[in-house]
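Please read them beside the structure.

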Amino acid sequence: PGVPQCPPAMLRDKDTEADFQRFLRRVDDVTNLLQGLNSPDSAVKEKAIAETEKRLREEEEEEESRTTVNRTLINASVRAFPPEITAGHSGFLAALEKDAKERAQRRRRNEQLANALKEEGNEAFRRGDFALAVQSYSEGLEKLRDKQELYTNRAQAYLKLQEYEKAISDCEWALKCNKNCLKAYFLMGKAHLALQHFPESRQCYEKMLQIDPQKENLFKDCVNEARLEEKRLRDEERAVQELQAGNVAALSIQELLRKISSPGQDILYYTGGIRLLAGVVGNCTGQTFFRTNNGFSILRNQTVRGAFCAESKSPAEVELCVSLLLLWQAACAGNEENQRLLLAQPEVSAQLPELLSSGTAQLQRETLALISLYSDNQNGRRLLVRQDLSRWLQILLAFVTSTDARADSAMNILSDLTGEKRFQTQCRAMLSTDVLPLFTQLLVRAGQVNQAALARAVAVLGSLCADVGLRAQLAQSGECCQACLQLLDGCPDASSPEYQQCVFAVLGLMMNLLLESSGAIQDFALPISGRCLALLSHQDGRIVTRAIGVLSRVLPASPSAVEEVVKGGVVKKMLKFLKAGGQLTSSYAIRTLSICTKSSRQAQEELLKWDKRLQVLLKLLESGHEPAVGNAAFCLSQCLLLPGAASALLGSQVVQLLLRGAAGDARSTSVQHNSAVALGRLCVAEPR
């Protein structure tokens, strides 16, 4: 009991396993004996003493015949107790206590030595000296043979040395020390994967998830890696069979690659060969033949590499680059292993941003098409974000000025990448210096750019605001706020559907930025609220909803803005939306009303004027939607400061509704607080 059940291919050393199991049994036996010796029951104590003396005699006999075995294993040498234990119970217990202290001291000393050796091993591992790391960890295990970290660290070093069987054995020992060791299962899964033991690898990863369900993302990554490796192996086995059967495509690919790799030919010769090759690698078998015949080493050809990497390309070099991009598209479409190998080529990862910013439409188009193969699936995006993408946001945003399909392709790629944390992190570096100037320029020139693409670009920036660092940078930019306002002011074709989509996207961006508090937002709160108030009469309900949302977030930043919108009739408008709007619109509208009534007596008076019996607020109190209930209760408490307001509620269910809010099971304390305040003011103002 307590010994972990591990995947197949476990312990190879039966003697070592037997020693370890004996050690575990001895620990249990000694524990039971100590409990017996301390038992208040004299019969139990006498029996424990007799058993202890018997075991000590056996230990002495075994010590005489024991030989030293030099191997790294978990073992415990139980020293014979001093002979004075026979002098009586008290002497025995004293000797037992003395021996326990000596053992504890030795363990502490050995643990210090083992930790020091572990640190030496860690330092060697960091330097890349994996053999020395193994040596240090092994010496540490000689000092303390049940230290789990030494086994897992040594297993990790063995993985680096490609000694996978040894890594598995160490992971098994680590699990004997700690049956829930995640790192042991993780490393064992990696070792099994390297040995192409796919079922065993998956078992290790599944066990890891059972131990810690929070590791679901890591589990998915590991299982996906195993799936891809198994698929790669299966594809290559099938390709070998087809080659042996005389597959014509396989022979063609081999011959074309041989010709392309030959040096000293004209650039047109290579261009033609690459075009022919692109035509025969379009299926899974062709892609596998391309990979297994070193197709991705094509850039070793000096002429091909020179054309691909040239800063200023001649027409012939452009044609060769286009041919390469078409070939890689054919070789990588739907093939994750080929996608990985392509981006592993340093010239490719370095040249992709250069090709995107080259200004040559054909090169840009095919480069975008190639990148799209990666960005439209999760595994491809993971490969992309391992590259340096710090310039990509700026480069791809610039395609908003394109009037053809390049703009749409670039926005598709950006939309795909915005959810990747590593992309968000990389975007921070150049946001203020390079991206924001371009972005504000695009907003200002909304009438002259591709407006459909601009709307998507704004939405991309809005999505990137999920990253707190990016959002803070954008919110602090007065130029960005000014450009957003300028777009909301409209242009000659502001009524077009594309422009209205831009307005919708800008409002969404502003809502995200208003989650931050900054000097720029305070400076622009008054004009922002004025633009949003004007948009409340817009025909597009989606724009109206977002305009109310912006109001609900910008008004707390400026008392002057509250005063202006109240003068502009915001209370009556919000009541109208509360009567007719959906849940999202209503939640923004009641929040806007609560902000206005908090600081403006005029807003309180107008609310009572346009809703004399406060029916709108009572309906919201009944809704059960906590944010709406909390804000409605707050508005009601503010209105109850006005003379006569409480009388308007006579005959209604207001008391029951407020009691439910104050004493109910609402998760939000603000609901309870606001309901209690409103109820108290109601009782004071209207004792009836």
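**Notes on a pocket and a cavity**

1. The second largest pocket has a volume of about 810 Å³ in this predicted model. A pocket here is an open set of points on a 1 Å grid over the protein atoms alone, with protein on both sides within 12 Å along at least five of seven lines. Points are joined across faces, edges and corners, and volume is the space filled by probe spheres set on them.

2. This pocket is lined by 26 residues, and Lys190, Asp221, Glu225, Arg340 and Arg386 are the closest to its centre. Lining residues have an atom within 4 Å of a point.

3. Which helix gives the largest share of that lining? Helix 9 does, with ten residues. Helix 5 (148–160), helix 7 (182–194), helix 9 (216–244), helix 15 (336–343) and helix 18 (378–385) each supply at least two. Helices are DSSP runs (H or I, at least four residues), numbered from the N terminus.

4. The lining of the second largest pocket holds 14 charged, nine nonpolar and three polar residues. Asp, Glu, Lys and Arg count as charged; Ala, Val, Leu, Ile, Met, Phe, Trp, Tyr, Cys and Pro as nonpolar; the others, Gly among them, as polar.

5. There are two cavities of 30 Å³ or more, a cavity being a set of points where a 1.4 Å probe fits but cannot get out. Cys481, Cys484, Met510, Leu513, Leu514, Ile521 and Ile528 line it. Helix 24 (478–489), helix 25 (497–513) and helix 26 (519–535) each give two or more residues to this lining. Its residues are seven nonpolar, no polar and no charged.

6. On conventions: residues are numbered from 1 along each chain as its sequence is written, and side-chain values use heavy atoms, with hydrogens and water left out. Local features need pLDDT of at least 70 and side-chain atom pairs count only at pLDDT 80 or more, while totals for chains, interfaces and linings use all residues.
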